[in-house]
Amino acid sequence: MSAASTEPTRKLNQRMIAVGVLGLIVISGLIGTVIFQRPTDGPANDPALIRDGQAIYATYCAGCHGINLEGQPNWRQPLANGSLPAPPHDETGHTWHHADELLFLITKEGGQAAAPPGYPSGMPAFGTQLSDEELWAVLAYIKSTWPAEIQAIQQEITQQSE
């Protein structure tokens, strides 16, 4: 085959590769949107979602983070294994310093998914026990307990991370 006869085939292959790569980019974006789709934007204000989240929190989270979101005693002091006790989820903790997507990731995949290298997080993953909707409900409940000013700051943190 001459170089002239392979040129159209080469260009067609390049176009097909470009279309395939573009398709993967679009699909990845759609998957990211679905994975991190939140049922609420901004301060948690859906009473049914908050009620459901509170019940789920009581069952799955309160044992470590406290029924009143108060966390474990001395939550800033490392344990013998280097991990930290469960922090509070009320306004006295640091939960509100993080964007929704990070909070969702930690809740779904466990603390190790977001922990720095070498840090032994004690936060278990709940993605096999709870649906994404249930995880978002828990986060909506937690956020609903914060003062409006803290909700607004956390919402801004979330928007800046998008």
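The side chains of D132 and K108 meet in a salt bridge, at 2.7 Å from N to O. This is a predicted model. The pair links distant parts of the chain, with D132 in helix α5 and K108 in helix α4, 24 residues apart. As for accessibility, D132 is partly exposed, with a relative accessible area of 23%. K108 is partly exposed too, with a value of 25%.

How many salt bridges does the structure hold? There are 2. The other one is between the side chains of K143 and D100, at 3.1 Å from N to O. K143 lies in helix α5, residues 132-144, and D100 in helix α4, so this pair ties together parts that are 43 residues apart in sequence. Are K143 and D100 buried or exposed? Both are buried.

Now to a residue in a loop. A86 is found between α3, which covers 62-65, and α4, which covers 100-109. Why does A86 count as buried? Its relative accessibility is 13%, and the cut-off for buried is under 20%.

Which residues does A86 touch, leaving aside those up to four places away in sequence? They are C64, H65, G71, Q72 and W75. Take Q72 from that list: Q72 and A86 are 14 residues apart along the chain, and their C-alpha atoms are separated by 5.4 Å.

To recap the salt bridges: D132 pairs with K108, and K143 pairs with D100. The residues of the D132 pair are partly exposed, at 23% for D132 and 25% for K108, whereas K143 and D100 are both buried.

Note on methods. Residues numbered from 1 in each chain as written. Predicted model: local features only at pLDDT ≥ 70, side-chain atom pairs only at ≥ 80, totals over all residues. Heavy atoms only, no water. Helix = DSSP H or I, 4+ residues; strand = E, 2+ residues; numbered from the N terminus. Buried < 20%, exposed > 50% of the residue type's maximum accessible area, 1.4 Å probe, protein only. Contact = heavy atoms within 4.5 Å. Salt bridge = Lys/Arg side-chain N within 4 Å of Asp/Glu carboxyl O.
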